[in-house]
Structures are given as C-alpha cells and as structure tokens.
Amino acid sequence: MTVIDVHTHMYPPAYMSLLRSRKNIPYVCSFPDDPSAGDRLVILPAEDTASTSRGRPIGPEYFDVNEKLTFMRNHGIDVSVISLANPWLDWLPSSEAAKVARTVNDDVERMCMEHEGKLYAFGTLPLSAPVEQVTAEIRRLAGLKHHRGIVMGTSGLGSGLDDPALDPIYAAIEENEQLIFLHPHYGLPTSVYGQRASDYGHVLPLALGFPLETTIAVTRMLLSGVWDRHPKLQVLLAHSGGTLPFLAGRIESCIAHDAHLKKEGKLHNRRDVWDVLKNNIYLDAVIYGDVGLKAAVEASGADRLMFGTDHPFFPPLGEGEDEWLSVQLNTQAVHSAFGDDQKAADAIMGSNAKRVLRLPD
Ligand code: URA
Ligand code: ZN
C-alpha cells in the first residue's frame, strides 16, 4: 500500500523570510530578551497580543523540509503533496503579489525536485494581483513538474468564492485541469464564541470555526452557480468538507423551499449539492473519527476521499513523542470505517490520490 498525504503544509524559506520581516499579521516574532518564549507565529487578529505567548509556537517542522521527511518516515507516509499554510498570499499588496507567488511556488518546486518522488505540491495564487497576473500564474503552475493544483482560502479576491469576478480564474483553473485545494483560515466572527472564548484556547475556532467557514464558502459557490458555469471545476475540500457531508440534505432542502430563489427563477436547471459532491468535489480524510468519515464517503464516494494529516498543525502532545495523535486518529478512522474492505482503505490511503493527482508509480 502506498500512503499519500494530500493535506500537509509548509512555510517555505521564501515565505518565512517575509513573515520574519513583518510586525503586522501575518508575522513571526522572536524575543531576544526571553529566548525561552521561542519563535511565535501570529496569523489571526485574536492571537495578536503584546505577550510572549501570543500566537502559536513555530519550530522547524513548519519550514525545514528535513522535518517533513522525518515526519513522513515516522508515520509510514510515502508521498506528501505540500501546500503553503494559511494565510497564503491573501494579504499582499496588489503590486507585490505576482512576484512573491512566483518566488514561493519556485521555492516549493525546488524542494520537490530535491526529493524526487517523495514531494509534490499545490501552488499558491497572487489573488490580490490583477486578474491577468493570476491566470498567468495558473498557466505557469500547470507546467511545473511537481505541482498538481492550487491551494486557496475562502476570501477569493476579497469578497468570497461566489464573486463573479473569479470566473476568469475558475475558467483558467478548469482549462488547465488543476485541482483547487480549498482550505479555511478566517473562521467565524469571534463574537460567536462568547465572552469566555479565551479560556478555551484555540478549540472553538479550530474545531468549529474552520469547518463552518469551509461549509459556508462551498454553499455560496453552489448558490452562485459556480459549478453550473464551470462544470468541470474540481475542488478538494479540507477537513472532509467541514460539515458539508452532514448538512448537504439540509442545504438542498432549504434551496428547494426558498421563496426568493423560486421567484428569481433560480430553481430550474441548477446542479444540486449531491450532483456536485459526486462529480466536482473531493474530500480529504482529515476528520479524526470514523463517524464523520462515513458521512464523507456516503456524500462523495469512496473513490473521492484522500488521506491527509494537516502536519505540522496539531503536534504530538507528549514530551519527546514523535508519533502524532492527530495522524493516528485519521489512520484509525479509515481502518475502522472500512473494516475488512482493504481495497477501499487502500484507495483512501493512497491510490485515489495517485489517480486524481496523476502521480507516477
Ligand atoms: N490547520 C491549519 O492548516 N491551519 C491552522 O491555522 C490550524 C490548523
Ligand atoms: Zn490544513
């Protein structure tokens, strides 16, 4: 069995230099007067405090390719498809974005070349740049030997993935047969977590904000007819689609009963959520439990799920442990969901990714 990880991140050296050079979100800071605080990664407004415990600890597992390879060895992962971690290039000024995207994507391509056969990548787009520069990077990425698609957050050009101004970008992605890896970052407004949210660490935004952000983004794409206009557009959803597999029936029912959509004539000739789930959506298997994984399989099909780890997020909890609980949970979920059906488990652990991402044997 070949194990392929389609959800695994890095901040490559070119991106780390940028983060270290900044004082505003996103940035990495260190504390020369208190080296025990270590380097901290600050990528969300709620993390941006004045204390040495701001953000999250960031170590070489985020940027050193040897750490990625060690992690892969320790967990029996044969191939990793690396994507830049959030918040990608969403925050760059328009005039700088295209150049930075080329530098970061080339940095990752070089890493893949240096570890031939072990590493592939999803590239990053300069979404704040003029549209022609974005489509030029899509075409360029399609020609890079180790790139297999594009990682994207939910903000699009600034107003979400249902923005009609994204149409030329979706068209270029579709035409170049690239896969979008759609990943959350912004979560939900912090007010929904209540006054005691900071007592609960990152649990509410990560466990609930992230999946709902993804679910809302995809539902908005569906409602705005993205897949009616781009019937071949393929999207891999992070975290098994957020809550999409579980809520698809409710989403479809709300659409079918909506008086406004009916009056606007938007209920005819539209592709429904089940059709899109089975023909345009792939789901990673980053769900940490077999109940959610079974819902994902039911929604999209066992041939559309692909194993992932979300490394280097959710590190091992025990001092000195090098096996990650998060990875064990994802692997166990696959095996417990499929029981003796080794062929289906193998498909999710690697052979689906090999087929979908055109990876060599
Ligand atoms: N996983 C990610 O990819 N990003 C985060 O910020 C947290 C978990
Ligand atoms: Zn992730």
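**View 1. Polar contacts of ligand 1.** A nitrogen atom of ligand 1 lies 2.9 Å from a polar side-chain atom of Asn86, a polar contact being a pair of N or O atoms within 3.5 Å. The protein buries 100% of the 240 Å² that ligand 1 exposes when taken alone (accessible areas by the Shrake-Rupley method with a 1.4 Å probe). The model is predicted, with local features needing pLDDT of at least 70 and side-chain atom pairs pLDDT 80 or more, while totals for chains, interfaces and linings use all residues. Residues are numbered from 1 along each chain as its sequence is written, chains are lettered from A and ligands numbered from 1 in the order in which they are written, and side-chain values use heavy atoms, without hydrogens and water. The side chain of His9 has an N or O atom 3.0 Å from an oxygen atom of ligand 1. For His183, the distance from a side-chain N or O atom to an oxygen atom of ligand 1 is 3.0 Å.

**View 2. The shell around ligand 1.** Among the surrounding residues are Ile43, Arg56, Leu206, Phe210, Asp310 and Phe313, where near means a heavy atom within 4 Å. The shell divides into four nonpolar, three polar and two charged residues.

How values were computed: Polar contact = N/O pair within 3.5 Å; in protein donor to acceptor, adjacent residues only side chain to side chain. Nonpolar A, V, L, I, M, F, W, Y, C, P; charged D, E, K, R; others polar.
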